[in-house]
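Here's a quick briefing for anyone opening this structure for the first time. Have a look around, then read on.

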Amino acid sequence: MYQLYYQYPNTWFGDCMPFGKDGKFYLFHQRDTRRPGPFGEPFGWSLAVTSDFVHYEDYGTVLPGGGDDAQDQFIFAGTVFEAEGRYHAMYTGYNRDYEKQGKKPQILMKAESDDLIHWQKNGEKLVEPQPGYEPQDWRDPFVFWDEELRLYRMILGTRKKSEHINRGCSVWFTSPDLKNWEFQGDFWAPNLYSMHEMPDLFRIGDWWYLLISEYSEKNKIVYRRSKSLNGPWLAPTDDAFDGRCYYAGRTAFDGKRRVLFGWVNTRDTWQDSAEWTWGGTFVPHEVFQREDGSLGVKLPDSIREAFEAPRLLAQQAVLETVDQNAELPLAQIQHKFCKWEARVRFSEGTRAFGVRLCQDERTGEAYDFRLLVGENRLSFDRIPFIPSDVNNKGLERPIRLSAGEEYRLQLIVDDDIAVLYVNGVALSVRMYRQPGTGISLYVTDGRLEIQESSISDRLKD
């Protein structure tokens with residue numbers, strides 16, 4: 001079981017509707033029992049509260065589904081916000097039987113609360129699918145107050161009725177009172193993805209940031225930015241936060257930190273070769289804005305500080321080779337749990353460098369986070385790579401790599417989850433085998449300077 005990342009026992013963490021206030025984050029989320037598989041048993045929203053992403057206070061199901069005959073048989077994703085002196089949850093009521101009965105399966109509904117824990121549904125079907133959009137894909141509303149319009153805005157994910165594959169879009173509504181909603185049309189319809197899920201919108205400085213999750217191109221959380229809510233929505237060079245294994249993330253701000261709440265999904269048969277399955281384990285990324293206005297993510301400070309004082313593995317070391325691989329063994333991870341860090345620089349002409357973990361020192365078999373300099377790419381794979389044993393599509397990230405620049409590597413290993421952060425770029429993965437216990441740094445065809453490599457394998461009491 002995980003020592004750090006959150007997953008309620010005997011359930012899988014689904015879409016999260018985070019709410020932040022006064023240094024705390026309220027994680028409203030779905031818990032899938034997978035009986036007999038994903039979406040087997042209807043679910044509502046459960047709640048866990050944390051201030052440090054290490055310790056959680058559990059409240060169980062706080063917004064239950066309405067029963068097999070109700071519109072909200074399942075409570076799909078939505079948003080939690082504060083307005084008019086109360087807390088509000090705008091959610092997607094989904095009934096898996098309605099489409100066969102000629103009814104609209106997904107309709108937006110609302111509940112209210114005075115304390116974020118006890119909720120009362122109003123029972124109204126507030127926003128139904130509009131003409132020209134698919135009624136079975138009408139979900140994940142996000143609501144906020146628009147100071148300029150002096151109205152509430154709501155955006156949600158859907159897709160247009162069309163034969164075209166990439167017909168996913170985000171649409172928007174306005175309301176003066178959170179009860180009467182006026183349809184305003186497409187908010188962002190880029191003809192890029194088959195569906196937009198979990199839209200999110202926030203502002204940092206001069207920039208608005210629009211996030212969606214897409215499953216038709218790279219199965220990622222992607223973002224665009226604009227200096228106006230009217231667009232245009234511009235793509236940065238790297239428009240994602242993580243790889244294919246991290247999905248359905250929304251952000252929340254607690255007054256100091258903006259954090260991305262996504263889940264690392266599992267594989268179907270708990271093997272590296274299997275297909276990915278909906279739901280998994282919650283992993284937080286703290287979001288920050290770079291000088292150029294693009295967004296990066298980092299390991300939350302509270303997680304880093306939750307580990308015991310690290311032991312130094314290498315104060316200074318140099319790996320150098322002309323035409324082969326040079327490797328520096330560092331430590332043993334006996335229980336597949338640790339926080340490992342290092343600062344490195346590579347020289348001009350270096351081909352690749354990286355970190356290997358769960359390594360068998362005798363055979364060299366391992367998992368490998370590799371930074372390919374000429375390709376400006378971070379990838380994850382198994383060594384040796386055998387196609388029938390590993391399904392690694394999408395386990396990579398673009399990253400700008402420049403000789404002489406310092407790169408800070410931070411790795412969290414928590415059972416079968418590994419997350420590597422490199423200068424604002426994150427890559428989360430699953431690894432179901434354990435060939436060995438070793439962790440090492442390496443360089444291929446070049447020179448790598450290593451400073452202050454350290455490891456901690458225990459959380460503070």
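Leaving aside neighbours within four places in sequence, which residues is Asp 254 in contact with? In this predicted model, the partners of Asp 254 are Gly 20, Lys 21, Asp 22, Gly 23, Lys 24 and Phe 25. Here's the rest of the picture, from the whole chain down to a few residues.

**The whole chain**
- The protein chain has 1 helix and 29 strands.
- Its radius of gyration is 23 Å, which agrees with the value near 23 Å for a compact globule of 461 residues.
- Of the 461 residues, 61% count as buried.
- If you take the contacts with a separation of 6 or more, 58% of them are between residues 24 or more positions apart.

- The chain's accessible surface comes to about 19,200 Å², and carbon and sulfur atoms hold 44% of that.

**Around Asp 254**
- You'll find Asp 254 in the loop that runs between strand S16 (246-253) and strand S17 (258-267).
- Asp 254 counts as buried because its relative accessibility is 6%, and the cut-off for buried is under 20%.
- Its side chain reaches the backbone nitrogen of Lys 256 at 2.9 Å.

- Lys 24 sits in strand S2 (residues 24-32).
- Lys 24 and Asp 254 are 230 residues apart along the chain, yet their C-alpha atoms are separated by 6.1 Å.
- With a relative accessible area of 40%, Lys 24 is partly exposed.
- Not counting residues up to four places away in sequence, Lys 24 touches Phe 19, Val 49, Thr 50 and Ser 51 as well as Asp 254.

**Gln 30, also in strand S2**
- Gln 30 belongs to strand S2, and at 2% relative accessibility Gln 30 counts as buried.
- A polar atom of the Gln 30 side chain lies 3.2 Å from the backbone nitrogen of Asp 15.
- On the oxygen side, the backbone oxygen of Ile 75 is 3.4 Å from a polar atom of the Gln 30 side chain.
- Beyond its neighbours within four places in sequence, Gln 30 is in contact with a list of residues including Trp 12, Phe 43, Trp 45, Phe 76 and Trp 278. Asp 15 and Ile 75 are among its contacts too.

Definitions and conventions
Residues are numbered from 1 along each chain as its sequence is written. This is a predicted model: local features need pLDDT of at least 70, side-chain atom pairs count only at pLDDT 80 or more; totals for chains, interfaces and linings use all residues. Side-chain values use heavy atoms; hydrogens and water are left out. Helices (H or I, at least four residues) and strands (E, at least two) are DSSP runs, numbered from the N terminus. Buried means under 20% relative accessible area, exposed over 50%, partly exposed in between (1.4 Å probe, protein chains only). A polar contact is a pair of N or O atoms within 3.5 Å; within protein, one must be able to donate a hydrogen and the other to accept it, and residues adjacent in sequence count only if both atoms are side-chain atoms. Contact means heavy atoms within 4.5 Å. The radius of gyration is taken over C-alpha atoms; the globule rule is 2.2 Å times the number of residues to the power 0.38. Accessible areas come from the Shrake-Rupley method with a 1.4 Å probe; for residues, only the protein chains shown count as cover.
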